[in-house]
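Open the model in a viewer and keep the selection tool at hand. The stops below go from strands to ligands.

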Amino acid sequence: MEAVHTQAEVTKRRTLARSTLLIELRAEDLFKNGQRPAPGQFVMLGPLKEDSTDPFLNRPFSIHRLSGPDRLELLIAVVGRGTTILGSLMPGDRLGLLGPLGNGFTFPEPSRPVVLVAGGLGVAPLFFLAEELCACGVQPRLFYGAGSVDLLVPTDGLQAQGVSVKLATDDGSAGFAGFVSELLAQELLNQETPDAYSAACGPMDMLRAVTDLARNRGLDLEVSLESRMACGLGACLGCTVFLSTGAGRRICCDGPVFRAREVFGP
Amino acid sequence: MSTVDLEVSIGRLTLKNPVMVASGTFGYGSEYAGFVDVNAIGAVVTKGISIYPTDGNSAPRIVETPSGMLNAIGLQNPGFEVFEREKMPFLRKLRSKTIVNFFGSTVEEYAELAGRLDTVEGVDALEVNISCPNIKRGGLAFGADPQTAASVTRAVLRRTDKPVIVKLSPNVTDIVEIARAVADTGVDGITLINTLRGMAIDYRSGRALLGNVIGGLSGPAIRPVAVRAVYEVAQALDVSIIGCGGIVEWPDAVEFLRAGACALQVGSATFRKPSAAMEVLQGLEVFLKKAGHAMVGDLVSTVKVHGGGHP
Ligand SMILES: Cc1cc2nc3c(=O)[nH]c(=O)nc-3n(C[C@H](O)[C@H](O)[C@H](O)COP(=O)(O)OP(=O)(O)OC[C@H]3O[C@@H](n4cnc5c(N)ncnc54)[C@H](O)[C@@H]3O)c2cc1C
Ligand SMILES: Cc1cc2nc3c(=O)[nH]c(=O)nc-3n(C[C@H](O)[C@H](O)[C@H](O)COP(=O)(O)O)c2cc1C
Ligand code: FES
């Protein structure tokens with residue numbers, strides 16, 4: 001759909017995990033004429049302060065879920081100045097929203113098995129994709145890793161919809177002890193997934209490890225990338241990433257979703 | 001309220017109003033077309049182009065800083081041919097003027113590109129970038145020395161009949177000296193200023209935050225430097241000045257006009273609010289009307305300085 005620049009209203013705010021907030025926004029302009037954002041797309045929030053130019057730039061966040069006919073949810077990790085300001089928003093507060101931006105995941109044909117791999121806050125857009133898949137009768141498998149149990153966002157809602165979830169934590173406080181890529185390696189060894197579609201979002205090192213696995217096992221993998229952004233619209237060229245071929249791509253509008261092999265090499 | 005004539009002239013270039021969007025902050029116009037009325041503003045200044053495509057610098061290319069940002073894009077652009085084929089059709093249809101910002105790595109490259117742009121229908125003026133801090137050769141190297149700046153400008157003027165604007169860098173000891181050398185060539189106008197060289201370091205890891213280590217500072221943080229540059233040049237020379245640097249809202253625009261600019265460019269503020277330039281224009285028009293001014297020129301160089309003595 002065409003992106004819009006609008007004022008969104010905070011309708012809900014909840015803590016889901018340590019330093020991790022769920023913020024629901026009402027932004028009816030994103031749903032005009034029967035349009036709706038697609039999984040993997042993101043929004044830019046800001047200006048963060050109406051009466052000050054500090055912080056100066058707006059902040060990008062993946063669309064985490066659609067929670068109503070005019071509502072979207074974001075999952076926000078409070079990591080710095082901007083997210084601290086966003087974390088103090090209360091229901092009724094309004095702020096600028098630009099979106100939906102970016103390309104989103106290639107929605108797989110319903111006949112294919114689906115494997116989703118999330119590291120940390122990378123789980124944000126994969127919730128949306130998982131829910132849309134469930135709505136089409138696909139029951140994806142989600143591998144989800146975080147540093148420790150208190151950083152994991154609850155997944156019972158997804159499980160109730162038919163997603164099978166396997167957790168990993170670096171310190172072993174929940175699920176598999178180790179990286180989610182290691183968990184995935186183990187699981188893929190046990191199970192053949194020839195024509196599966198897979199999507200991953202998380203830190204670069206994790207995406208690289210998952211891409212190596214996918215390459216070895218012939219998985220069709222898409223990865224969602226992050227970078228510093230100023231405009232979010234393809235105008236500033238601040239978010240350019242160089243693909244393995246050397247070609248430059250703007251993460252905000254050519255991405256954020258790319259074929260893993262384009263990014264990390266065939 | 002009376003009506004205001006918003007039209008301004010920058011040498012041979014006439015704009016329906018004084019507000020433009022600055023190079024590199026508005027892409028090639030089409031990126032923002034879905035959100036704002038691009039036709040409302042006086043001109044779109046394009047992202048800088050070169051003869052051949054340029055990849056630009058490695059990531060990270062932007063870092064937020066207090067009331068501003070550093071960028072080290074490295075003048076990434078698709079090159080003249082792709083620009084003409086893919087970007088001009090949109091720009092040609094606009095009712096705003098199109099000013100093409102460009103650069104080269106030798107005087108001859110500047111001249112050749114000026115010659116090619118001269119033939120492109122729909123290009124209303126050229127803005128010569130001799131002030132980019134983000135490329136190793138060219139850019140700033142041409143803008144830091146009065147003789148070199150003048151010779152690039154003369155070479156460009158010889159190859160085009162279109163109006164020529166030269167964009168200067170604040171990263172010099174004496175901006176008036178450079179501006180004078182450029183103005184003496186007979187250019188139509190001077191844009192003041194491009195970004196200030198800057199750097200930021202993550203204090204924990206010790207890492208430089210930009211891939212290119214050093215970048216260009218923009219945003220409200222540089223506004224006082226830009227206003228000073230406009231003021232100094234306006235006091236010394238008789239040349240049309242386009243003020244640029246940290247304009248976020250309309251009072252900032254008035255500040256630049258008072259300092260001596262006759263037109264304005266809104267840059268990084270567009271990243272916060274796509275409609276920043278359009279809102280600056282609206283606010284400026286209302287201000288002029290309320291103050292009873294008939295035209296933009298009434299405000300130009302109206303700064304009052306404190307009169308020496310004590311209160
Ligand atoms: C496409 C995309 C989707 C994202 N989705 C989410 C999400 O769903 N949930 C979430 O919590 N975070 C997400 N992020 C990361 C989020 O944008 C940053 O964590 C946030 O901007 C940090 O802002 P800050 O002011 O708190 O941090 P600071 O470190 O103070 O920020 C300073 C500057 O760095 C930038 N920055 C810092 N970290 C990142 C990062 N990881 N990626 C890009 N820019 C960064 C900021 O935007 C800002 O310009 C996403 C980033 C991108 C590019
Ligand atoms: C991301 C970015 C890219 C830029 N690219 C160019 C460019 O290609 N050519 C140029 O002359 N100036 C370029 N500039 C400088 C701006 O046009 C402007 O001079 C500067 O940002 C100061 O204005 P501002 O504070 O309003 O942003 C760029 C600035 C930014 C932030
Ligand atoms: S964030 Fe500006 S081009 Fe991607």
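Select residues 42-45 of chain A, strand β3, together with β4(A): the two pair in the antiparallel sense over four bridges. Strands here are DSSP runs (E, at least two residues), as are helices (H or I, at least four), both numbered from the N terminus. Two strands count as paired if DSSP finds at least two bridges between them. Within this pair, pick A:M44; opposite it, in β4(A), stands A:P60.

This is a predicted model, in which local features need pLDDT of at least 70 and side-chain atom pairs count only at pLDDT 80 or more, while totals for chains, interfaces and linings use all residues. Residues are numbered from 1 along each chain as its sequence is written, chains are lettered from A and ligands numbered from 1 in the order in which they are written, and side-chain values use heavy atoms, with hydrogens and water left out.

Next, show the whole sheet. Seven strands of chain A form an open, antiparallel sheet in the order β4-β3-β7-β1-β2-β6-β5. At its edges are β4 and β5 (65-68), each with a single partner strand, so one side of each has no neighbour in the sheet. On average, neighbouring strands are turned by 40° against each other, direction ignored; the axes are lines fitted to C-alpha atoms, for helices over the stretch in contact, and angles run from 0 to 180 degrees between N-to-C directions.

Move on to β1 (residues 4-17) of chain A. Which strands does β1 pair with? One is β7 (residues 94-101) of chain A, antiparallel over six bridges. Another is β2 (residues 20-26) of chain A, antiparallel over seven bridges. Select A:E9 to see both pairings: its bridge partner in β7(A) is A:R94, and its bridge partner in β2(A) is A:R26. The hairpin of β1(A) and β2(A) has two residues between the strands, and A:S19 takes a positive phi near 55° there.

Now select ligand 1 and the residues near it (one heavy atom within 4 Å). There are 20 of them, and the closest are A:P60, A:L75, A:G82, A:T83 and A:R228. They come from chains A and B, so the site is shared between chains. In chain A, β4 (59-62), β6 (71-77) and α1 (81-87) each supply at least two residues of the shell. The largest share, four residues, is from β4(A). Domain 1 (4-101) and domain 2 (114-226) of chain A each give at least three residues; the domain bounds come from an automatic or database domain assignment.

Look at the polar contacts of ligand 1 (N or O pairs within 3.5 Å). A polar backbone atom of A:L75 is 2.7 Å from a nitrogen atom of the ligand. An oxygen atom of ligand 1 is 2.6 Å from a polar backbone atom of A:G82, and a polar side-chain atom of A:R228 lies 2.6 Å from an oxygen atom of ligand 1. On its own ligand 1 has 830 Å² of accessible area, of which the protein covers 84% (Shrake-Rupley method, 1.4 Å probe).

Finish at ligand 2, which lies between chains A and B. Its surroundings hold 24 residues, the closest being B:S23, B:K167, B:G219, B:G246 and B:S268. An N or O atom in the side chain of B:K47 is 3.0 Å from a nitrogen atom of ligand 2. A backbone N or O atom of B:G246 lies 2.7 Å from an oxygen atom of the ligand. Taken alone, ligand 2 exposes 610 Å², and the protein buries 98% of that.

How values were computed:
Polar contact = N/O pair within 3.5 Å; in protein donor to acceptor, adjacent residues only side chain to side chain.
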